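Work through the exercises below with the structure in view. Each task is followed by its solution in steps.

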Amino acid sequence: MRVRRLAAWTALPLAVTLGLVACGSGGDGGSGESNPDAAVRIEIAEPQHLVPTNTNETSGSQVLAALFSPLVDYDEANKPHEVAAESVTSEDNTTWTVKLKDGYTFHNGEKVTADNYVDAWNYGAYAPNGQNSSYFFEKIAGYEDMQGETPKAKTLSGLKKVDDLTFTVTLSEPYSEFKSVLGYTAFYPMPKAAFSAPGVLAEGYEQAPVGQGPFKMKGAWQHDAKVEVEKYDAFPGEKPKVAGVEFRIYQQPTAAYADVLSDNLDVIKTIPTENLSTAGTDLGDRFKQSSASSLQVLAFPTFQEEFSNPDVRKAISMAIDRDEITKSIFKDSQQPARSFVSPVVAGYRDSTIGEAGEFDPAKAKSLYQAAGGPARIELSYNGDGGHKDWIDATCNQLKTNLGVDCVGTAEPKFADLLTKVKAKQPVGLFRMGWVMDYPSMENYLGPLYSSNGSSNYYGYSNPEFDKLLAEGASAANEDEAIKKYQAAEDLLAEDLPVIPLRYGQNNFGHSTKVTNVEMDLFDRIDLVKIEAVK
Amino acid sequence: MFRFILRRLLQMVLAFFGTTLIVYALMFAGQGDPIQALAGERPVTAAQRAYLTEKFHLDRTGVGGFFYRYFDYLKNLLQGDLGQSLTGRSIGDILAAAWPVTVKLALIAMAVTVLFGVTAGVLAGIRRASIFDNSTLLLTLLVLGIPTIVLAPLAQYLLGVRWQLFPATAGADPDLYALLLPGIVLGSLSLATALRLTRTSVAENLRADYVRTARSKGLVRRRIVSVHVLRNSLIPVVTFLGVELGNLMSGAIITEGVFNIPGVGFNLFRGIRTEDGPLVVGIVSVLVVVYLVSNLVVDVLYAVLDPRIRYE
């Protein structure tokens, strides 16, 4: 009796398991034909905002990319070409004339005019509106007057409407790559209906934004759940190949990954780090990689005595084996970097830091000792960003190769790290990351290394560098500008205020129900190219 | 009975203000730079910083600033206004959207606990040292030993992705079927505890004098168990379940994250991660009320189950 009962208890789970395995073998890949009537489902995080001038994170801008059509977009070589604009021209790099294509309408039927751009940009630049992307307008004349608690002006003096389809933008100083800037999310137009009074955003606009792009809202934004859009038939530009998109909101990428594996979701934009090693087997050729604009560096507080000698900085750079760390810690989900600009911008050159990028422990050690580098190195990082592993690995390499004592110090948040750096507290070397705002060499150089750059935390200042940047900004054309920027980058390579370590890479994947999934430089899925499969 | 409930209600008011004060103080003390946290690693513009600082009185620091902000918060709270999260959304709206799904999830977990945990506990208690008793003990040990952070993704991977018996995630507007798997995962931990609690309690009461008396009077076994033993055995179980209900509402952070259910735990996690003080305090205040009410219900149930307690 006893034995039989025992047998029953072990047999039951076994039977259940076998039954489950039998159920799992169903499901097939479909016929492979494109299905223009189907909607695709794409993973995003909860957007912070859905107003063009207030959206500066990837989830929100992914949704806005469906609803709006930009003035310019970027081609294969990452140079700008016109989309909603007929032409963007300037003779002196200061006054730019934007002509709009005829035939664009907002989803509520309003015709798109120059006023829509002027109104939207004025709204974005006006400081009391507290818009996140406000700083994108700082190059336009009159921006300063709109700042502070009680600004002197409510509109940008540099924006002038010429006729219904033409307006001019006057910059406060010449900038040769202004056309590239116009591709950013902040420069979309907003319809008259978006404002309840001049300069006042209408109450419900953000819940169901009205744009002039290939898709229109289907219902309102369902917070924490989804944003649905459907094809806008009157769109004059290149038409999408799907009937609509459901942007499904996930808090954790692991949940989205599970959904892609079971075909409950079509596209995951970032495969979680813990799944990267198995993604190749899980998804096969549906696991995709493409270059991203981010750049990871280790920065020196150049104002500190022990790091003020460029040879010390060079020696540390030479003692780090970038290839090894990229491979063993990042499983090739990032790429080793040896330049100050990312490969995704025009004007990028391979290995601009030259010898400093070569892994040569013997030479590094002798150079370090000759230059009198400190006996103890501290690497500071933010503990919430998953940086511990590579910081520790880097420290170990420095210990072995330079014979110094090295410790990694975690600050709770990136903000805490920045606060300490800003106050010039001795944090040692610190990690920094940079994601571009628009594809241009200038965006990788100006904010980070010019003497009054907004993100220059290293105390780096080189008048010659500043001069070359200014010359690049006022150069006659893009190619001239690139030459100046490259000369500026060469100066950086000599001084090495930061050590470039790795370029970011998009690691994304999709289900069996979609094809032609591509990701652009701004972490956005290309919604015109993506196709649903029958 | 009425006076008993009234006294409990008055205690609740005090407890509510005490706990919100503590939570507010903790959030206040732990806050680094919430504006930067909100922006992640991006630079925050001066205009944006000034705007948010003024809106949330972030320039008020120190002890004086703390009480200014706390009383400002309480004033709004008493008017039924939970305020705005740092992202500008109304916390009332966030909670209104988050509660229904969390309550559903908690009820499923509770039903699983009561249905399987208590029933199996009673059976195990009656048939002590049987194979059923031993195997359930072993199983509960196993479940108690595996933390939710392992159990939930494992269940999702095996049952949702590999064998596709359940949807891998539930989403924002799930049907009962989609909530079943997260509900079972969430309930499994309290199920194990409830089972062990019930088993011990039943086993102990079966040996009590009054059971022997009842048996010697010739009462049938079913009546002894269902009326005499069960009523007395359920007191510790009800205590546990009452507190557990509160836990289930708030403690679903991991489960809700894994199964992508935008409930209360999901929002609480986001609030903590982005240092969104108003959101965290708002959610916790409501959770405090849930705990207080479920404790009140437990107390009342006590009084129903055991009349001696109500006349104390």
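**Exercise 1.** Describe how helix 5 of chain B packs on helix 8 of chain B.

Solution. The axes of helix 5 and helix 8 (residues 176-206) of chain B come within 5 Å and cross at roughly 30 degrees. Axes are lines fitted to C-alpha atoms, for helices over the stretch in contact, and angles run from 0 to 180 degrees between N-to-C directions. Helix 5 of chain B is therefore roughly parallel to helix 8 of chain B; angles under 35 degrees count as roughly parallel, over 145 as roughly antiparallel, 65 to 115 as roughly perpendicular and the rest as oblique.

The model is predicted: local features need pLDDT of at least 70, side-chain atom pairs count only at pLDDT 80 or more, and totals for chains, interfaces and linings use all residues. Residues are numbered from 1 along each chain as its sequence is written, chains are lettered from A and ligands numbered from 1 in the order in which they are written, and side-chain values use heavy atoms, with hydrogens and water left out.

**Exercise 2.** Describe how helix 5 of chain B packs on helix 6 of chain B.

Solution. Helix 5 (residues 91-126) and helix 6 (residues 131-145) of chain B pack at about 135 degrees, with axes 8 Å apart. That angle makes helix 5 of chain B oblique to helix 6 of chain B. Helix 5 of chain B passes helix 6 of chain B in a left-handed crossing. On helix 5 of chain B, B:Ala120, B:Leu123 and B:Ala124 meet B:Phe132, B:Asp133 and B:Thr136 of helix 6 of chain B. The residues of this contact divide into four nonpolar, one polar and one charged.

**Exercise 3.** State how many helices and strands chain B has.

Solution. Chain B has 14 helices and zero strands. Helices (H or I, at least four residues) and strands (E, at least two) are DSSP runs, numbered from the N terminus. The C-alpha trace of chain B spans about 85 × 55 × 30 Å along its principal axes.

**Exercise 4.** Describe the interface of chain B with chain A.

Solution. In chain B, 38 residues are in contact (heavy atoms within 4.5 Å) with 40 residues of chain A. Three salt bridges are counted between chain B and chain A, each a side-chain nitrogen of Lys or Arg within 4 Å of a carboxyl oxygen of Asp or Glu. B:Arg89 forms a salt bridge with A:Asp224, the closest N and O atoms being 3.9 Å apart.

How values were computed: Left-handed = near helix turned anticlockwise from the far one by under 90°. Nonpolar A, V, L, I, M, F, W, Y, C, P; charged D, E, K, R; others polar.
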